[in-house]
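Here are a few notes to read alongside the model. Keep the structure open and find each residue as you go.

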Amino acid sequence: MIVILKKGATEPAINEFVEEVKQKGLGVHISTGVDKTIIGLLGDTSKLVPEDFLANDIVETAERVSAPYKMASRSFHPENTVVCIGTGQSGVIECKIGDGKTVPVIAGPCAVETEDQIMNAAFAVKKAGARILRGGAYKPRTSPYSFQGLGKEGIKLLEKAKKETGLPICTELMAISELKNFENVDLIQVGARNFQNFDLLKELGKFNKPVLLKRGLSGTINELLMSAEYIMANGNENVILCERGIRTYDGYTRNCLDVSAVPYLHKVSHLPVVIDPSHACGIRWMVGTLAQSAVAAGADGLEIEVHCCPEKAWSDASQQLPPSQFEELMIKLGKYAAVEGKTM
Ligand code: PEP
Ligand code: MN
């Protein structure tokens, strides 16, 4: 249920109201907007009658929210959430995702392979205009015999690349036991295969770092939002949603990019939405076109795989862009972003 307060409701009156709600055994989420304050009631509100709240002078309206996700929903939080990445660290370039003015690109190789490989990729993506460096240190692979990532060593190399380029770093967490190695990671990715690993999501709720939450291979939009809710309900509101293609009946691409996820998620949620065209199609020549469609659909950012020598990549060789193609794409995307009144 949400309770919308009247303009001019005083702080003591709001505090008193919040206390009353808490005494009913409910949680509270307060969203203070420019015009009005909205109080989201969390927990079992089934026995409450919305009209009863009108007895309080500061209440304008009270209504039930039918969506099962609350904190992630736009009715609880009408203004867009802007997630700040790399903020306040000396030497690190800050990046905002969801500001409505920019379309930041998270770019880098599928996996961190060697020091030279990640350093070269880091400088290349920075030169082309990427705002965040990505690279998998813990890799979720279909086959246990495939390269599994360098683990902690991979994180150390990403940290080095961050130090040298100033780019914030994004990498995937697969197990809670590895969270101790993520202190210097700026954006923690939850991959498609872990998007409903609820224990992991709860733990990330308690860890104070922005999270890039990818939609599962066969995950519905509601399931994605409920997974975001897990992180938020546990205390971390810095969640970015990522559409990375879903399984369909047709196999001509690796996955099927659901572009309509962007406008839909923007309608029902205040969280930023990023598109990953690389994993969506799995085909190098198609990545650019999908990235353009994402910008046109209003995506708040992109995640694109870039490798200095894709044909020699240890994973996802067929979809990574060489720096020359990435540079060209960034220039082209800049023009598409301009149509939307944005910069990259
Ligand atoms: C990745 O980003 O490297 C990755 C494995 O993505 P996904 O979880 O979307 O497959
Ligand atoms: Mn990959």
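1. First, a term: a residue is called buried when its relative accessible area is under 20%. Bear in mind, too, that this is a predicted model. Now look at strand 1, residues 2–5: Ile-2 and Ile-4 are buried on one side, Val-3 and Leu-5 are buried on the other, and both faces of the strand are covered.

2. Who are the neighbours of this strand? Strand 1 pairs with strand 4 (residues 59–63) in the antiparallel sense, over four bridges. Strand 1 also pairs with strand 3 (residues 37–42), again antiparallel, over three bridges.

3. The largest pocket has a volume of about 280 Å³. It is lined by 22 residues, and those closest to its centre are Lys-139, Pro-140, Arg-193, His-279 and Asp-316. By class, that lining has ten charged, eight polar and four nonpolar residues. Strand 9 (residues 169–172) gives the largest share of it, three residues.

4. The second largest pocket has a volume of about 160 Å³. Among the residues lining it are Arg-284, Trp-285, Leu-321 and Lys-332. Helix 8 (284–297) and helix 9 (323–339) are the elements that give two or more residues to this lining.

5. Which helix gives the largest share of the lining of the second largest pocket? That's helix 8, with five residues. By class, this lining divides into four polar, three nonpolar and three charged residues.

Technical notes:
Residues numbered from 1 in each chain as written. Chains lettered and ligands numbered in written order. Predicted model: local features only at pLDDT ≥ 70, side-chain atom pairs only at ≥ 80, totals over all residues. Heavy atoms only, no water. 1 Å grid on protein atoms, 1.4 Å probe; cavity = no way out; pocket = protein on both sides within 12 Å on 5 of 7 lines; lining within 4 Å. Points joined across faces, edges and corners; volume = space filled by probe spheres on them. Nonpolar A, V, L, I, M, F, W, Y, C, P; charged D, E, K, R; others polar. Buried < 20%, exposed > 50% of the residue type's maximum accessible area, 1.4 Å probe, protein only. Pairing = 2+ DSSP bridges.
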